[in-house]
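This report describes parts of one protein structure. Look at the strands before reading on.

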Amino acid sequence: MTTTNVSTRTYQYTHTIGIDEFMGRGFRLIVDLVPGPNGMLYVLQRGEPLHRNPAIKICDINEGYYGDFGAYGSERGQMVWPAAIAIDSQQRLYVSDEWNHRITVFDTKGNVLDEWGTLGSGDGQLNRPSGLAFDAEENLLVVDALNHRVQRFTKAGRFLAKWGTYGVGPGQLNMPWGVAVNAAGEVYVTDWRNDRVQKFTARGEFLLQWGYSGEGDGEFNRPAGIDVDREGDVYVVDWHNNRIQIFDAVGRSITKLAGDATLSSWGKELLEVHPEMQEQRRVAKDLSQEKRFRLPRGVKVDHQNRVIVVDSTRGRLQIYQKVT
């Protein structure tokens with residue numbers, strides 16, 4: 001379908017959280033996040049193969065930092081290529097791992113509660129699981145990327161249903177990545193290699209699609225993370241176009257975000273103890289590009305309509321407030 005602009009909303013940039021660091025208070029190749037209660041944020045870090053540092057980083061919307069947990073590997077509770085994170089009503093964290101082809105469940109202190117998933121193409125098996133979202137009945141939707149489908153599981157990992165096959169037609173998928181559910185239970189999926197978004201009923205029946213390969217409004221270059229706010233607006237990470245595109249419920253373009261970052265408080269404190277970094281910034285010819293997203297991976301909208309963008313390769317979160 002062809003997208004057309006609709007009445008605009010206003011998005012006010014408020015602040016940035018994070019710095020690009022290997023360890024401790026900082027982020028390195030973050031891929032997703034999930035908001036918790038009281039402004040808490042659980043940020044999923046893939047890390048780098050050399051440093052083997054996947055983790056869940058814990059901070060809050062006001063830049064407080066509370067530590068992290070996670071370890072590299074394939075033993076129980078370990079991660080290699082974490083891809084997405086979701087939280088249930090009991091504050092349990094669910095993490096998909098592309099390398100280990102499984103879902104791991106943690107409490108918010110990092111204790112391993114459950115783990116399930118095996119490599120394969122049968123019902124309930126997984127091949128590079130990525131996006132996660134809970135439906136209205138709090139069953140878990142898992143984007144099964146290399147099986148080109150979405151599967152529904154109970155929170156204990158019991159297979160319930162699936163939809164999607166490989167292809168380019170309506171309802172078909174080619175390496176899907178993200179998934180989100182609106183208040184009516186309808187499901188949005190970013191169809192990564194087909195450069196489009198598809199919308200399904202709660203049972204997985206095809207409703208509509210939008211998007212083509214390109215750089216214009218409503219066009220995509222590998223859409224990744226996705227979320228839906230309480231008014232039904234849809235936020236799509238347009239990964240290789242370095243932006244977030246925002247649509248109404250039927251795919252009409254509203255606006256887009258390209259990044260407006262300022263230094264986080266963590267960054268300012270780092271510069272205070274490293275004067276050589278301050279000098280490098282002072283003599284830099286152009287810092288304007290520092291504001292912009294660079295290969296963002298995820299986006300989430302919290303209950304206060306704050307839009308939180310995972311600015312992955314810049315090691316930070318950019319926060320916007322939706323004003324309706």
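**Terms and model**

Strands are DSSP runs (E, at least two residues), numbered from the N terminus. Residues are numbered from 1 along each chain as its sequence is written. The model is predicted, and local features need pLDDT of at least 70.

**The largest pocket**

A pocket is found on a 1 Å grid over the protein atoms alone: it is an open set of points where a 1.4 Å probe fits, with protein on both sides within 12 Å along at least five of seven lines, and its lining residues have an atom within 4 Å of a point. Strands E2, E3 (40-45), E6 (82-87), E10 (129-134), E14 (179-181), E20 (223-228) and E24 (298-301) each supply at least two residues of the lining of the largest pocket.

Of the 38 lining residues, Pro 35, Ile 87, Asp 227, Val 301 and His 303 are the closest to the centre of the largest pocket.

**Strand E7**

E7 runs antiparallel to E6, joined by five bridges, and Ile 85 stands opposite Val 95. Five bridges also join E7 to strand E8 (residues 102-106), again antiparallel; here Ser 96 has Ile 103 as its bridge partner. Two strands count as paired if DSSP finds at least two bridges between them.

Methods:
This is a predicted model: local features need pLDDT of at least 70, side-chain atom pairs count only at pLDDT 80 or more; totals for chains, interfaces and linings use all residues. Side-chain values use heavy atoms; hydrogens and water are left out. Helices (H or I, at least four residues) and strands (E, at least two) are DSSP runs, numbered from the N terminus.
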